[in-house]
Amino acid sequence: MIKIHMFSSATKVAGQGVGSVYTELISLLRRYFPDDFDIRINDYGRSDISHYHTIDPQFYASTFSKRRGRKIGYVHFLPDTLESSLTLPRVAQSVLNKYVISFYKRMDQIVVVNPNFIPKLAQYGINPDHVVYIPNFVSQQTFHEDDAATKADIRQRLGIAPDAFVVFGAGQVQERKGVDDFLTLARRHPELTFIWAGGFSFGKITNGYNHLKEAVDNPPANVTFTGIIPRPTMVDYYNAADLFLLPSFEELFPMAVLEAFATGTPVMVRDLELYDQIIRPYAMLAKDVDAMDEQIQRVVDDRSIWRHYQDLSHAAAAEYSEDRLARTWHDFYTAQAQLAPRRGFGAHRDQQR
């Protein structure tokens with residue numbers, strides 16, 4: 001049995017995608033491979049593999065221990081994504097940026113959730129040969145499509161009119177997520193219902209906190225901000241929605257989009273290069289708020305367009321299914337364990353630095 005020690009504090013901050021990715025992976029490994037992998041959480045004992053999901057200083061210090069085996073780093077952000085999410089003093093931001101890259105360079109192997117990040121990591125001096133792409137996924141035990149009767153019951157429970165056209169968005173409330181455009185669209189379409197699930201996970205250092213806090217406290221009449229809600233509850237909002245809209249300016253591989261796909265909800269995202277290899281084939285894309293406005297109106301006016309994108313969501317759910325990704329993770333960890341220094345295959349990490 002391969003000993004895999006997971007290092008993470010992602011679940012300490014509610015409402016962020018890193019925590020969702022971590023939770024999904026732990027659940028998958030324990031459900032599919034209980035006899036192949038011995039999974040332990042934040043355990044500093046000897047392991048074959050140490051998989052770092054967050055970059056806490058105590059985790060960084062642990063990378064110097066020979067007990068860590070093969071060190072795997074999960075890349076959920078780069079310095080530029082941090083700068084667009086948090087408002088920090090210039091000196092603090094510079095120190096944080098250097099620390100992030102230093103942490104990644106301590107790893108023997110890097111996992112990215114978007115192939116677009118491989119050349120970006122190379123620009124920071126990380127060898128692309130030591131980087132592998134494994135996409136995110138969600139469990140359809142948690143996120144699934146309900147039947148029409150159940151959806152009607154959900155709407156009644158959430159206080160949504162049976163005939164309302166619901167545009168649903170999710171994620172941290174910050175400028176990077178395009179919340180301002182979401183509000184603009186709501187003001188242009190008072191006849192539609194707009195719901196955003198998420199909140200200020202990082203409080204006042206969130207980029208755009210002041211004006212967005214005002215908007216959340218005083219939204220247009222057709223807009224609801226739910227605040228941060230538990231993941232198992234999120235499935236109801238996807239099933240109550242007619243369209244999932246994520247107007248983010250910058251993402252890796254958003255878990256919210258995968259959750260929408262899994263529930264058969266049509267998806268629209270901002271037209272970004274980073275979506276080219278992962279989301280573009282399955283979603284409506286719009287370059288700006290005006291294009292989003294046009295796309296929404298098309299879907300409202302023509303139900304056949306809505307059904308087309310529902311079919312694409314079903315196809316995406318199959319592509320990024322838990323069943324398919326389970327084998328990918330099994331093969332990845334098995335191969336990495338064979339490279340663990342304690343098994344006598346050592347010193348590969350030195351080639352990366």
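**View 1. Helices α7 and α11 cross at roughly 50°.** Here the axes of α7 (residues 179-188) and α11 (residues 289-301) come within 10 Å; axes are lines fitted to C-alpha atoms over the stretch in contact, with angles from 0 to 180 degrees between N-to-C directions. The two helices are therefore oblique to each other, a word for angles that are not under 35 degrees (roughly parallel), over 145 (roughly antiparallel) or 65 to 115 (roughly perpendicular). This is a predicted model, in which local features need pLDDT of at least 70 and side-chain atom pairs count only at pLDDT 80 or more, while totals for chains, interfaces and linings use all residues. Residues are numbered from 1 along each chain as its sequence is written, and side-chain values use heavy atoms, leaving out hydrogens and water. Look for D181, T184, L185 and R188 of α7 meeting V289, D290, M292, D293 and I296 of α11, where contact means heavy atoms within 4.5 Å.

**View 2. Helices α1 and α13 pack at about 85°.** The axes of α1 (residues 17-32) and α13 (residues 322-337) lie 10 Å apart, and the pair is therefore roughly perpendicular. From α1 come L25, L28, L29, R31 and Y32; α13 brings E322, D323, L325, A326, W329 and Y333.

**View 3. Helix α10 is mostly covered.** In this helix (residues 255-262), 8 of 8 residues are buried, meaning under 20% relative accessible area with a 1.4 Å probe, protein chains only. Among them are M255, L258, E259 and F261. The buried residues pack against α1, α9 (231-240) and α12 (303-319), and also against strands including β7 (166-170). After α10 comes G264, with a positive phi near 70°.

Notes: Helices (H or I, at least four residues) and strands (E, at least two) are DSSP runs, numbered from the N terminus. Buried means under 20% relative accessible area, exposed over 50%, partly exposed in between (1.4 Å probe, protein chains only).
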